[in-house]
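Hi there,

I'm passing this structure on to you, with some notes below on what turned up. Have a look at it first, then read on.

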Amino acid sequence: MSSLSVQHLLGIKYLNEKDIQLIFETADHFKEVINRSIKKVPSLRDITIANVFFENSTRTRLSFELAEKRLSADIVNFSAAQSSVKKGETLIDTVNNILSMKVDMVVMRHPNPGAGVFLSKHVKAAIINAGDGAHEHPTQALLDSYSIREKLGDVAGKKVVIVGDILHSRVALSNIFALQLQGAEVKVCGPRTLLPKHIESLGVEVETNLRKALNWCDVANMLRIQNERMDMSYFPTTREYTQQFGINKNLLDSLEKEIVIMHPGPINRGVEITSDVADSRQSIILNQVENGVAIRMAVIYLLASMIK
Ligand code: CP
């Protein structure tokens, strides 16, 4: 069996194109499994996984937990809010205490960029980054590309625009890396204040006119404004942001061609996307969530096969 070139999933920047193809082929198999009446396989009966979340999550956390249960792994869940982190315990001490209970793999979400890389150098377990601050969210980017492949047949040659708060988004950076590795063209669109200064050095083009960006693309990935990471005002009012960078049904229907609409969630309905677009025939938002389980099963399975 082929294996990944990495022992941890810390970011898309550490993967190569073959890794992504292997994850997708493995996810194809698991997608078929989770659509059977018995949605479970015994593959990881001897593996224990800790889900360690220092930041809020709905989709990622539930999706990892379901993926682990579908693979028959034993799991423990840790949430910083109810833990001894509140009493001053460090990240390494926290995780080493969890590992001394014989845990093989840690899925971690953390507010600090690089937290997963740091952990991988200090503890003996496979680490999966479930989002580290405004840095990377690799499984989100994998499920996003997988959903594009499912909808449009391939990612290579497709034009994807990522719209919104690029500056504070881990989804944007991981998507840029993943899409480019697979041969897609990427543009970013948003207010200048929410675009990193040297974003073009990543090989992406900037477009500040939303209609132009949407007329160019095959796929628009609409991002939420990350208010929780902002320490100042980046645009005059939410209403003004929505007028310039929000997508509504009138705009969608007036484009030169039919495009695919994506969103990583959580959605702020009426801000970056209206309900009639989010729930439209062109939206694959819930397909992304469904595919997240198969993608995470694939990542966990492939990393676990390197532990055994
Ligand atoms: N897309 C995503 O990461 O959502 P959660 O923050 O709910 O996990």
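Predicted model: local features only at pLDDT ≥ 70, side-chain atom pairs only at ≥ 80, totals over all residues.

**Around the ligand**

Residues are numbered from 1 along each chain as its sequence is written, and side-chain values use heavy atoms, leaving out hydrogens and water.

Ser 57 has a side-chain N or O atom 2.6 Å from an oxygen atom of the ligand. For Thr 60, a polar side-chain atom is 2.6 Å from a ligand oxygen, and for Gln 140 one is 3.1 Å from a ligand nitrogen. On its own the ligand has 250 Å² of accessible area, and the protein covers 91% of that (Shrake-Rupley method, 1.4 Å probe).

**His 137**

Where is His 137 found? Look in the loop between strand 4 (126-132) and helix 5 (138-152); helices are DSSP runs of H or I with at least four residues, strands runs of E with at least two, numbered from the N terminus. His 137 is buried at 4% relative accessible area (buried means under 20%, with a 1.4 Å probe and protein chains only). Beyond neighbours within four places in sequence, its contacts (heavy atoms within 4.5 Å) include Thr 60, Arg 109 and Arg 296.

Cheers

Conventions. Buried < 20%, exposed > 50% of the residue type's maximum accessible area, 1.4 Å probe, protein only. Polar contact = N/O pair within 3.5 Å; in protein donor to acceptor, adjacent residues only side chain to side chain.
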